[in-house]
Amino acid sequence: MKGYRVAVVGATGAVGQEMIRVLEDRNFPVSEIKLLASARSAGKKLKFKGEEVVVEELKPESFEGIDIALFSAGGDRSKQFAPEAVKRGAIVIDNSSAFRMEPDVPLVVPQVNPEDVDWHKGIIANPNCSTIQMVVVLKPLYDISRIKRVVVSTYQAVSGAGAAAIEELKEQTKAVLEGREVPPPNKIPRQIAFNCVPHIDKFFSDGYTREEHKMINETKKIMHDDTIKVSPTCVRVPVFIGHSEAVNIEFEKPVSLEEARKALENAPGVKVMDDVENLVYPTPIDVAGKDDVLVGRIRKDETVENGINLWIVGDNLKKGAALNAVQIAEVLIERGLI
């Protein structure tokens with residue numbers, strides 16, 4: 001198999017390091033890897049396939065000769081450097097929100113809309129972590145009957161806010177347990193230890209947060225259906241890895257539990273864990289480090305005509321970010337686009 005020259009932008013961050021692991025674990029055909037980060041992180045050494053690789057400072061010329069650039073360095077850096085990478089011949093797969101809603105940029109989850117990579121113009125956007133795991137489950141159900149409305153409440157791990165948020169939870173938890181004054185919040189707006197915070201990203205004038213707007217808009221774009229109504233509430237919880245979602249789906253036509261369960265059992269990237277009599281249902285601990293999105297608590301919503309309730313859990317660093325990005329690169333190879 002042909003090898004590809006791959007750059008990982010934001011290599012020292014939580015998602016960047018997960019991208020490196022995923023490339024290795026999936027035996028992605030890398031002929032050369034370049035690890036890029038800010039000047040502050042340049043010079044650090046990270047391992048890829050047992051060998052130490054020196055992290056280089058991110059510059060426009062860093063992308064000379066690169067085939068695929070995996071970006072996870074924040075929206076500002078993506079806006080600045082992704083066009084530079086494309087200019088030099090690389091295909092950019094960007095994990096930030098910088099390009100997701102641009103009409104000429106595909107927003108792709110390979111299990112849902114792989115064909116959208118065909119019309120890329122150099123940049124492909126990786127969706128938001130909470131959106132990815134939800135649409136992977138929605139798609140096989142949508143194929144049974146069009147979905148009219150989704151009401152989703154998320155329970156999102158602190159790692160979604162980066163490595164510093166993980167440390168914040170650790171330090172606050174330690175302070176509470178030791179009876180000390182809790183350090184003031186920094187990455188999470190309120191104390192996260194032993195708490196739930198219904199505030200992810202900034203608030204808009206309509207009372208919804210940017211994270212909630214992402215779920216609304218990205219779902220419509222990925223599913224190719226602007227008529228789907230999505231009503232989200234996004235909450236940060238004191239969990240290190242793994243986003244959970246309580247999802248209520250209203251269909252256009254009747255969908256039986258048997259149909260839904262069978263569709264989910266056969267869906268790529270989905271694993272059903274649903275045997276409540278034996279206490280089988282997914283939790284964040286079950287999904288950490290796993291590729292699949294787990295789904296359980298599948299049951300009828302008796303308050304609407306065609307409703308089903310689900311509980312969905314996914315590793316936000318893996319399927320919610322790094323794995324989805326690498327799978328997009330695999331789709332490009334499969335479809336002969338690189």
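Predicted model: local features only at pLDDT ≥ 70, side-chain atom pairs only at ≥ 80, totals over all residues.

Leaving aside residues up to four places away in sequence, Asn 248 touches Arg 149, Val 150, Val 151, Asp 301, Ile 308 and Asn 309. One of these partners is Asp 301; Asn 248 and Asp 301 are 53 residues apart in sequence, with 7.7 Å between their C-alpha atoms.

## Helix α5

Strand β11 (243–251) is also among the elements that cover the buried residues of helix α5. The others named there include α3 (129–142), β9 (147–156) and β10 (229–236). Helix α5 spans residues 210–223 and has 14 residues. From its first C-alpha to its last, α5 reaches 20 Å, close to the 20 Å expected at 1.5 Å a residue.

The helix is mostly covered, with 10 of its 14 residues buried. Among the buried residues of α5 are the charged-type side chains Glu 211, Glu 212, Lys 214, Glu 218 and Lys 221, and also Met 215, Ile 216, Thr 219, Ile 222 and Met 223. Just after α5, His 224 takes a positive phi of about 55°.

## Asp 274

Asp 274 lies in the loop between β12 (270–272) and α7 (284–287). Not counting residues up to four places away in sequence, Asp 274 touches Arg 261, Val 280, Val 295, Gly 296, Arg 297 and Ile 298. Val 8 and Asp 274 are 266 residues apart along the chain, and 37 Å separates their C-alpha atoms.

The two C-alpha pairs described in this report are set out below.

| Pair | Separation in sequence | C-alpha separation |
|---|---|---|
| Asn 248 and Asp 301 | 53 residues | 7.7 Å |
| Asp 274 and Val 8 | 266 residues | 37 Å |

## The chain as a whole

The chain has 8 helices and 14 strands. Its radius of gyration is 20 Å, close to the 20 Å given by the globule rule for 338 residues, so the chain is as compact as a globular protein of that length. Along the principal axes, the C-alpha atoms fill a box of roughly 60 × 55 × 45 Å.

Of the 338 residues, 52% count as buried. Of the contacts between residues at least 6 apart in sequence, 66% join residues at least 24 apart. The chain exposes about 15100 Å², of which carbon and sulfur atoms supply 48%. The mean positions of its 44 positive and 50 negative charges are 3 Å apart.

Definitions and conventions. Residues numbered from 1 in each chain as written. Heavy atoms only, no water. Helix = DSSP H or I, 4+ residues; strand = E, 2+ residues; numbered from the N terminus. Rg over C-alpha atoms; globule rule 2.2 N^0.38 Å. Buried < 20%, exposed > 50% of the residue type's maximum accessible area, 1.4 Å probe, protein only. Contact = heavy atoms within 4.5 Å. Areas by Shrake-Rupley, 256 points an atom, 1.4 Å probe, with all protein chains shown as cover. Charge placed at Lys NZ, Arg CZ, Asp CG, Glu CD. Expected span 1.5 Å × (residues − 1).
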